[in-house]
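Here are my notes on the model you sent over. Have it open while you read, and go through the points in any order you like.

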Amino acid sequence: MAKPINSCTDMSKIQACDVTECAYNIERNCHAIAITVGNTEAARCDTFYRHKKGGVKGLTGGVGACKMSDCKFNTDLECYADAIKVATNGGEAVCKTFARR
Ligand code: SF4
């Protein structure tokens, strides 16, 4: 297993996100405090929201939870990747760091 996670500050960070139409995206970075990734079929960012701007300027978003239990970076529905990237795929925001075990 990678680094231990003992507090919210240890969350995997979102290194980049090119989903510029998301409320939390400022200059291709995520400014949500934490996102949730995954649903039944794909590593979608569940926090993606088309809306006027939101988030916390100056903050780099982290992965608060991830439902992709079949990803090699996932343990107990938490992400242990050092950092992730999120990108547009078919109109959705998707974790591009996902790697099936
Ligand atoms: S890298 Fe894997 S565990 Fe981490 S957020 Fe993406 S899909 Fe979830």
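1. Ala99 sits in the segment that follows β9; strands here are DSSP runs labelled E of at least two residues, numbered from the N terminus. Asp70, Cys71, Lys72 and Phe73 are what Ala99 touches, leaving aside residues up to four places away in sequence; a contact means heavy atoms within 4.5 Å. Ala99 and Gly38 are 61 residues apart in sequence, and their C-alpha atoms are 13 Å apart in space.

2. A word on where the values come from. This is a predicted model, in which local features need pLDDT of at least 70 and side-chain atom pairs count only at pLDDT 80 or more, while totals for chains, interfaces and linings use all residues. Residues are numbered from 1 along each chain as its sequence is written, and side-chain values use heavy atoms, with hydrogens and water left out.

3. Now the core. The largest nonpolar core has 21 residues, and the ones with the most contacts inside it are Ile14, Val19, Ile35, Val37, Val63, Ile84 and Val86. Elements giving two or more residues to this core are β1 (13–17), β4 (34–37), β5 (62–66), β8 (83–89) and β9 (92–95). (A nonpolar core is a set of buried Ala, Val, Leu, Ile, Met, Phe, Trp, Tyr and Cys residues joined through side-chain atoms within 4.5 Å.)

4. Have a look along β4. β4 runs parallel to β5, joined by 4 bridges, and Ile35 stands opposite Val63 in β5. Pairing needs at least two DSSP bridges between the strands.

5. On to β8 and β9, which pair in the antiparallel sense over 4 bridges. Val86 has Cys95 in β9 as its bridge partner. The hairpin of these two strands has 2 residues between them, and Gly90 there takes a positive phi near 60°.

6. Asn25 is worth a click. Asn25 belongs to strand β2 (residues 25–26) and counts as buried because its relative accessible area is 4%. Its side chain reaches the backbone oxygen of Val19 at 3.2 Å, and a polar atom of that side chain lies 3.0 Å from the backbone nitrogen of Arg28. Polar contacts are N or O pairs within 3.5 Å; within protein, one atom must be able to donate a hydrogen and the other to accept it, and residues adjacent in sequence count only if both atoms are side-chain atoms.

7. Finally, check the loop between β2 and β3 (29–30), where Glu27 lies. Glu27 has a positive phi of about 50° although it is not a glycine, and Glu27 is exposed, at a relative accessible area of 73%. Arg28 is in that loop as well, with a positive phi near 65°. At 47% relative accessible area, Arg28 is partly exposed.

Methods:
Buried < 20%, exposed > 50% of the residue type's maximum accessible area, 1.4 Å probe, protein only.
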